[in-house]
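Subject: The structure, with some notes

Hi,

Here is the structure I wanted to pass on to you. Please have a look at it first, and then read on for what turned up.

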Amino acid sequence: YCGPPRRSVYIARIFKHGTWMRVELDDFVPVGAPSQDGDDGNVPICCRSEFFPYVLWPSLAEKAYAKVHTLRGDGLEITEDDRGGWESISGGGRVEEALADLTGGVAGRFHTCDVAMDRLFLYIYELQRDTLFVCRVHQTNCDLFGVKLNPYYPYVVNRACVYEGKPYIQIFSGAIGVFDGGLQDINVPHGLLHCEDYPETSAEGFFWVSAMDFHEYFDTIFECRLVNSGDVSIPGMPPPRMPPPMPPPGEPMPPLPGVAGFLPGPPPTVPPPGVAGMPPMYSQNAGYAGFVHSHTDQAHQHGASPMGAQLPWFEWVFANPGHVSAHNEPEFTVRVPDHQCPCEIVANVEQLDPRMLMKTAEREPCKSLLVKVYELLEDRNRYSSELVCKSNWLPLRDTMVAFKVLRGGEYRLVVEFARHEMGGVNRMIFRCYSSRPNVNVSASAAMYRHVLIAPTGPPKAVKLTFVGSVRPDRLDHLHRPQHLDEEHDCLRKAEFDFDPGWSDLKDEFKRDCALM
C-alpha cells in the first residue's frame with residue numbers, strides 16, 4: 001500500500017469486518033532449517049514468488065494477513081490472552097474470505113453445472129469491469145476427455161469478448177509454464193491470438209478458451225464484486241454499465257460521456273451530504289435491535305477509496321456487537337425510490353472471523369446462514385411469495401446476495417439460521433452497497449412473521465448473481481444447509497494423488513468395521 005521500501009518498512013491494508021485496517025510490517029519472514037546439501041536451505045516457509053527475493057509482495061501480503069489476525073496480551077512475554085498469529089492462517093481457509101479481505105469486496109461462489117453456457121458467458125462479459133472471477137478445474141471432466149489443465153494452481157478470468165460472432169474467455173494461470181490443456185489450439189482462431197486489442201501472451205501465463213470449453217472444464221467459480229475499488233478495467237473491455245462516480249462535495253462534476261457540454265455559467269457542483277435529498281450520516285433507528293449503523297456515502301462524502309480512486313458505490317455498514325440467534329434474527333430493509341431505478345444492490349452478511357479468537361491450532365467452524373430477499377407488495381407486512389434472490393446456505397463466514405431493482409419499492413433481507421445451529425453467532429456485520437443515491441437502508445430484529453402472497457404483476461427486482469443458484473436435484477435437502485467438503489474444498493494436493501496400498505486399505509477396513 002505505502003511505505004519507504006528502502007528502509008524495509010511497509011504498510012499493508014486489509015479489509016476486516018467492514019473497515020480498512022493498516023498494518024505496519026518489515027521484510028523479515030520465517031525460514032526453514034538449512035538443508036543437508038545446502039541447496040534449498042533458509043528459504044521462507046510462507047508463500048513466496050518464484051523470483052524471491054527480488055519480488056517480495058506475496059510474502060509481505062501473507063505476513064500482513066497473519067499480523068492483522070494477531071492479538072497479544074503482553075508485548076514482552078507469552079500469555080494466556082494471546083490469540084491468532086501466524087498459526088491462525090495455517091490450514092488454509094475459504095477463497096471468498098481471502099478475496100473479501102484483500103479487496104474489500106463482496107464474494108461468493110457458484111458452479112458452472114448450475115448455469116447454462118450462454119448465460120454464464122453473458123454474466124462474465126457484463127461484470128468483468130468490476131468483478132474478479134477465480135476458477136477451479138473440473139477434474140472429472142478433464143480426466144475424462146484428456147484435457148491437461150493444472151488442478152494444483154488457480155485460474156483467473158482476465159477478460160471476455162466476442163470475436164467473429166463467437167464468445168471467448170481469456171484466462172490467466174499462476175502455474176509455472178503454460179497449462180491450457182490444448183484448448184487454445186483447438187477452438188480459438190488464429191486472429192484472436194494475435195489481435196492487437198488483446199496484447200496478453202501465453203509466455204505471460206494467458207490463454208484463450210471458447211465459452212463452451214470454459215463451461216465444460218471448469219467447475220467452481222468464485223466471484224468478488226469490487227465495491228471498494230476504483231476502475232480496475234483494462235483496455236478492450238466493454239463500457240461501464242453504471243454511471244461514472246461523483247466527485248467529492250464542492251468540486252465540479254465531470255462532463256458526461258457523449259454530451260456536447262453544459263450550459264453557460266459555472267459548472268455544477270456536488271451538494272454536501274445531508275442536503276438535497278441525500279441520506280443522513282446516521283439513521284434514525286441506529287443501534288436498533290443491537291445493530292450500530294455507520295452510513296458511508298462513498299462517492300459523495302469521501303469521493304475516493306483508501307487508494308484515492310473514485311467509487312461509484314454507496315455504502316451502509318451495520319454491526320451488532322452482541323449475540324445474534326434465531327430468537328432475534330436480523331432483518332434489513334432496502335427502499336429504492338422510483339427516480340433512482342435501475343439500481344444495483346449488493347449485500348453481505350458477515351460473521352466474526354474465527355481466526356481472531358484462536359488460542360490453539362483448532363479453528364471454530366462458521367455457522368450456516370441463509371439470506372433471502374423479498375419484495376413488499378401491499379402494506380407493511382405482505383410480501384411476494386416469489387423470492388427476488390437468495391444466498392448460498394453454506395458454513396462460510398460471508399453470505400452474499402445481489403439484485404437489480406427495476407422499479408422503486410421496498411425489499412426485505414431476512415437472515416435465517418439452520419435448525420441445528422439455533423444457538424446463533426457472536427457479533428455480526430452487514431454491508432450493503434447501492435449503485436444509485438437516495439437509497440435508504442435500515443436494520444431491525446424479526447418481531448413477527450411476515451405474510452407471503454402470490455404476486456399479481458411482474459417483479460420489480462431481479463436476481464443479479466449466480467451465487468445461490470443451485471439445481472434442486474443437487475441438493476440433499478431443500479430446507480437444510482448444503483454440504484461443504486472441507487477437506488477437498490481447495491486446490492488439488494499432492495496427498496490426493498497417493499494410491500493407498502493393500503495393507504493400508506486392510507487397516508482402514510478394520511478400524512471402520514466392527515463385529516455385531
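This is a predicted model: local features need pLDDT of at least 70, side-chain atom pairs count only at pLDDT 80 or more; totals for chains, interfaces and linings use all residues.

Two rings of Phe, Tyr or Trp count as a pair if their centres lie within 6.5 Å.

Aromatic rings

Across the whole structure, the search turns up 16 aromatic pairs. In one of them, Phe 110 and Phe 466, the ring centres are 5.6 Å apart and the planes meet at 65 degrees; planes over 60 degrees apart count as edge-to-face, so this pair is edge-to-face. Phe 110 belongs to strand 3 (residues 106-111), while Phe 466 sits in the loop between strand 21 (461-463) and helix 9 (502-512), so the pair links distant parts of the chain, 356 residues apart. Both Phe 110 and Phe 466 are buried.

Another aromatic pair, Phe 318 with Phe 332, is tilted, with 55 degrees between the planes and 6.2 Å from centre to centre. Since Phe 318 is part of strand 10 (residues 314-324) and Phe 332 part of strand 11 (residues 330-336), this pair ties together parts that are 14 residues apart in sequence. Phe 318 and Phe 332 are both buried as well.

A ring also meets a charge: the charged end of Arg 13 sits over the ring of Trp 20, at 4.0 Å from its centre.

Is strand 19 mostly covered or mostly uncovered? It is mostly covered, with 5 of its 6 residues buried.

Backbone details

Most residues other than glycine have a negative phi, and most peptide bonds are trans. Here are some places to check against that.

- The peptide bond between Phe 52 and Pro 53 is cis, with omega about 5 degrees; Pro 53 lies in the loop between strand 2 (19-25) and helix 1 (57-68).
- From Cys 341 to Pro 342 the peptide bond is cis too, with omega near 0 degrees, and Pro 342 is in the loop between strand 11 and strand 12 (343-351).
- Glu 164 has a positive phi, near 55 degrees. Its place is the loop between strand 5 (155-163) and strand 6, and its 64% relative accessibility is why Glu 164 counts as exposed.
- Asn 438 has a positive phi near 65 degrees. Asn 438 is in the loop between strand 18 (425-434) and strand 19, and counts as partly exposed because its relative accessibility is 23%.

On the surface

Tyr 152, Tyr 153 and Ile 176 make a nonpolar surface patch of about 290 Å². Ile 176 comes from the loop between strand 6 (166-173) and helix 5 (183-187), and with 60% relative accessibility Ile 176 counts as exposed.

Best wishes

Notes
Residues are numbered from 1 along each chain as its sequence is written. Side-chain values use heavy atoms; hydrogens and water are left out. Patches are made of residues with over 30% relative accessible area and no salt bridge: like charges are joined within 9 Å, nonpolar side chains (Val, Leu, Ile, Met, Phe, Trp, Tyr) within 5 Å. Accessible areas come from the Shrake-Rupley method with a 1.4 Å probe; for residues, only the protein chains shown count as cover. A salt bridge is a side-chain nitrogen of Lys or Arg within 4 Å of a carboxyl oxygen of Asp or Glu. Helices (H or I, at least four residues) and strands (E, at least two) are DSSP runs, numbered from the N terminus. Buried means under 20% relative accessible area, exposed over 50%, partly exposed in between (1.4 Å probe, protein chains only). Rings of Phe, Tyr and Trp (its six-membered ring) pair if their centres lie within 6.5 Å; planes under 30 degrees apart count as stacked, over 60 as edge-to-face and the rest as tilted. A charge sits over a ring if NZ of Lys or CZ of Arg is within 6 Å of the ring centre and within 35 degrees of the ring normal.
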